[in-house]
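Dear colleague,

I am passing on the structure we spoke of, and below it I set out what was found there. Please read the notes with the model open beside you.

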Amino acid sequence: MSQSVCILGVTGSIGRSTLKILEQHPDQYSVFAVTGYSRIKELTEICKQYRPKCVVVPSQKVDELQQYFKAENIQNIEILTDEAGLITVSEHPEVDVVMAAIVGAAGLLPTLAAVKAGKRVLLANKEALVMSGDLMLQAAKEYQALLLPVDSEHNAIFQCLPQNYLQIERHGEPQLGVKQVLLTASGGPFLNHRLDELKNVTPAQACKHPNWSMGRKISVDSATLMNKGLELIEACHLFSIKEQFVTVVVHPQSIIHSMVQYVDGSTLAQMGNPDMCTPIAHALAWPERITTHVPPLDLFVHSQLDFQEPDVVRFPSLRLARNAMKEGGLAPAILNAANEMAVAAFLAERIGFLDIPEVVEHSLNHVQNGSADSIDTILQTDQLARQVASQRITQLES
């Protein structure tokens with residue numbers, strides 16, 4: 001029986017990779033809804049090829065989309081708008097699977113809507129879980145949603161854990177013989193740069209990842225190691241473990257995607273070529289497996305694997321994220337909001353590369369932490385953190 005898929009953020013790299021998998025398995029999956037933000041021409045091409053029933057865009061992009069639709073003679077696709085539209089398609093009764101691939105805090109409410117509708121949610125938006133971890137997981141349990149990790153690292157951990165690990169009760173301590181999680185990091189494009197060299201790196205350099213093809217925001221996060229910090233927080237929530245049980249390991253080749261160590265001395269690793277189609281296919285079909293175009297790993301080509309500790313002096317974002325997870329409450333939401341603002345300012349060449357963690361730390365110190373006990377509280381704190389970060393960015397510019 002074919003499953004109906006909603007792709008939130010279809011024009012991004014994860015959305016495109018998801019379409020590749022669906023295209024390989026037309027008898028098993030169909031596209032019900034797609035959403036896009038700014039790449040309206042690309043979105044039109046996707047709609048022309050896959051003929052979803054619904055498409056969601058910002059209200060200011062509706063005219064542009066309608067013009068493209070008219071030019072391409074595309075009919076019978078319902079156009080929805082803004083956050084309300086995202087939520088509508090995420091919880092739509094005809095949708096079986098939701099790929100949550102919107103970047104940043106904008107993905108929080110539609111992802112939560114999909115969870116509350118009891119969907120199979122493929123989580124590629126780490127920020128949603130960073131901001132609302134406990135609430136998201138409580139909702140998944142209450143509404144019997146299946147929340148599956150798509151980030152290559154978390155998907156790798158999921159593959160290396162005992163099969164029923166996500167179904168058992170966990171209270172911060174590893175269970176079922178698990179000792180700790182080893183979260184791998186490529187180290188990004190500046191792994192071997194000195195601190196003084198990092199002062200003058202450009203957005204173009206920061207966006208040139210050595211192994212992965214990603215969007216600009218996540219590429220900068222990878223360069224600062226904030227991406228790994230956000231993933232550390234995500235891992236703590238997904239697998240219900242305290243931050244001291246997550247060790248970050250720099251592995252420049254990106255062949256081992258993460259590992260799990262057990263109390264008997266075993267270490268299980270998930271390996272593969274760096275291609276997001278693998279974790280997407282795994283989460284889409286779990287507990288089954290489906291074919292992808294990704295070639296199997298050639299160990300004779302990738303014969304050398306290196307590992308090292310991360311340098312939190314050159315890359316303080318990782319330290320800030322770990323501390324935010326340790327502190328708990330609203331601290332991860334503050335961290336995420338300030339980082340989004342700082343990365344956007346860096347990409348606009350308003351601040352320097354080393355100013356990004358400075359803005360984040362300033363915001364963590366100047367926004368009051370509290371209990372993340374409601375979505376309204378989380379969203380209010382998110383906005384406050386953005387205001388504080390924005391003020392700090394303006395100060396750094398002058």
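Contact here means that heavy atoms lie within 4.5 Å of each other. Please keep in mind throughout that this is a predicted model.

I begin with the annotated site. According to UniProt, in an unreviewed entry, the annotation "binding site" covers D151, E153 and E231. These residues span 81 residues in sequence, yet no two of their C-alpha atoms are more than 8.4 Å apart, so they gather at one spot.

D151 sits in the loop between β7 (146-149) and α7 (152-160), and with a relative accessible area of 8% D151 is buried. Apart from neighbours within four places in sequence, D151 is in contact with L123, A124, K126, E231, E234 and M276; with one of these, K126, the side chain of D151 also makes a polar contact, side chain to side chain, at 3.5 Å.

E153, for its part, belongs to helix α7 and counts as buried at 10% relative accessibility. When residues up to four places away in sequence are not counted, E153 touches L183, T184, K228, E231, H257 and S258.

As for the cysteines, the count of disulfides comes to zero, the cut-off being a pair of cysteine sulfur atoms within 2.5 Å. C6 is in no disulfide, and its nearest cysteine sulfur, that of C54, is 8.6 Å away; C47 is likewise in none, with the sulfur of C54 again the nearest, at 10 Å. C6 counts as buried at 0% relative accessibility, and C47 is also buried, at 0%.

How values were computed: Residues are numbered from 1 along each chain as its sequence is written. This is a predicted model: local features need pLDDT of at least 70, side-chain atom pairs count only at pLDDT 80 or more; totals for chains, interfaces and linings use all residues. Side-chain values use heavy atoms; hydrogens and water are left out. UniProt positions are given in the numbering used here, feature names are shortened, and annotations may be inferred rather than shown by experiment. Helices (H or I, at least four residues) and strands (E, at least two) are DSSP runs, numbered from the N terminus. Buried means under 20% relative accessible area, exposed over 50%, partly exposed in between (1.4 Å probe, protein chains only). A polar contact is a pair of N or O atoms within 3.5 Å; within protein, one must be able to donate a hydrogen and the other to accept it, and residues adjacent in sequence count only if both atoms are side-chain atoms.
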